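Please keep the sequence and the structure open beside it.

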Amino acid sequence: MCYYFVMYYDRISFINNQLQRKVRRMKLLKERIRREGNVKPGNVLKVDMFLNHQIDVELMNEIGKEFKRLFGDKKPTKILTIEASGIAIACITAQYFNVPVVFAKKAQSINLDGDSYTTKIESFTHKKVYDVIVSKKYLSRDDRILIVDDFLANGCALLGLIDIVKSAGASLEGIGIVIEKGFQSGGKAIRDMGIDLKSLAIIESMNAETGEVVFSDED
Ligand code: G4P
């Protein structure tokens, strides 16, 4: 009886500690977005101070640990991202999973030699269409893929990566995003596909005039 109580108590404390760590980590990220994020007209959030130009490696480590906590049980064999900003996040995250990173390359013109998986991405944010490639050498049907990226807006980049995973016949185990702009359509579209998408900070709204950023899970 006492043994079971101790086991139960240990399990509850473990879950409690994990949740507290999660709350601390995500608080850290949201504080940085509030403090250093710059809301630009057109619903663009600049976070060059710690994510997209200068990189805060300590914060990246917390992000990597959180992705490990969220997706550890999926046992991915590779982490897939897209250049440029996804690479740093993927590399730090991969250290916690002990798996390689593969990043999709944006190509101006593609050489259709059959050695690569290719897809087209139409970015509403950047107002352009570009080809994306991943060599067939680095993705196979035996792979279990975790996709990570910095931003999720309309989701065009992610849909391209999902397409590449499908072409390879690999299994998509989940998607981890650092900042989701919840007021844009990408998150809903991808969740509606039944994909396990988790975002560390979801922005409900932001205001270019006041600079205010409101997160979706806050009062
Ligand atoms: P889209 O379909 O609306 O274009 O959005 P998507 O979710 O595919 O994101 C497209 C690119 O735009 C991504 O860059 C993403 O990081 C970036 N992005 C979207 N919204 C914002 C924003 O508010 N702030 C910032 N800083 N970036 C945003 P990418 O293709 O991964 O390339 P890169 O920018 O990492 O080189």
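Predicted model: local features only at pLDDT ≥ 70, side-chain atom pairs only at ≥ 80, totals over all residues.

1. The protein has 6 helices and 10 strands, and buried residues make up 33% of its 219 residues. Of the contacts with a separation of 6 or more, 61% are between residues 24 or more positions apart.

2. Helix H3, which covers residues 57-71, has 15 residues and reaches 21 Å from its first C-alpha to its last, close to the 21 Å expected at 1.5 Å a residue. Its buried residues are Ile 63, Gly 64, Glu 66, Phe 67 and Phe 71. Because these residues cover an arc of only 165° around the axis, they are on the same side of H3.

3. Helix H5, residues 156-168, also agrees with expectation, since its 13 residues should span 18 Å at 1.5 Å a residue and its end C-alpha atoms are 19 Å apart. Buried in H5 are Ala 157, Leu 158, Gly 160, Leu 161, Ile 162, Ile 164, Val 165 and Ala 168. The helix is followed by Gly 169, whose phi is positive, near 75°.

4. The ligand is surrounded by 24 residues, of which the closest are Ser 85, Ala 153, Asn 154, Cys 156 and Ala 157. Strand S2 (44-46), strand S7 (144-152) and H5 are the elements that give two or more residues to this shell, and S7 gives the most, with 4 residues. Sorted by class, the shell holds 11 nonpolar, 9 polar and 4 charged residues.

5. Strand S9 (residues 197-206) pairs with two other strands, and the sense of the pairing should be read separately for each. With strand S8 (residues 171-181) S9 runs parallel, joined by 6 bridges, and the bridge partner of Ile 179 in S9 is Ala 201. With strand S10 (residues 213-215) the pairing is antiparallel, over 3 bridges, and here Ser 205 stands opposite Val 214. S9 and S10 form a hairpin with 6 residues between them, and Gly 211 in the turn has a positive phi of about 80°.

6. Glu 204 may be worth a look, as a residue placed in strand S9. Leaving aside its neighbours within four places in sequence, Glu 204 is in contact with Gly 182, Phe 183, Val 214, Phe 215 and Ser 216. Glu 204 and Glu 180 are 24 residues apart in sequence, and their C-alpha atoms are 8.9 Å apart in space.

7. The peptide bond from Glu 83 to Ala 84 is cis, with omega near 10°. Ala 84 is found in the loop between strand S3 (78-82) and helix H4 (86-97).

8. Lys 75 lies in the loop between H3 and S3, and it is exposed, with 11 other C-beta atoms within 10 Å. Asn 98 is found in the loop between H4 and strand S4 (101-107), and it counts as exposed because it has 6 C-beta neighbours inside 10 Å.

Notes: Residues numbered from 1 in each chain as written. Buried ≥ 20, exposed ≤ 12 C-beta atoms within 10 Å, placed from the backbone. Contact = placed C-beta atoms within 7 Å. Expected span 1.5 Å × (residues − 1). Arc of directions from axis to C-beta. Near = placed C-beta within 6 Å. Nonpolar A, V, L, I, M, F, W, Y, C, P; charged D, E, K, R; others polar. Pairing = 2+ DSSP bridges.
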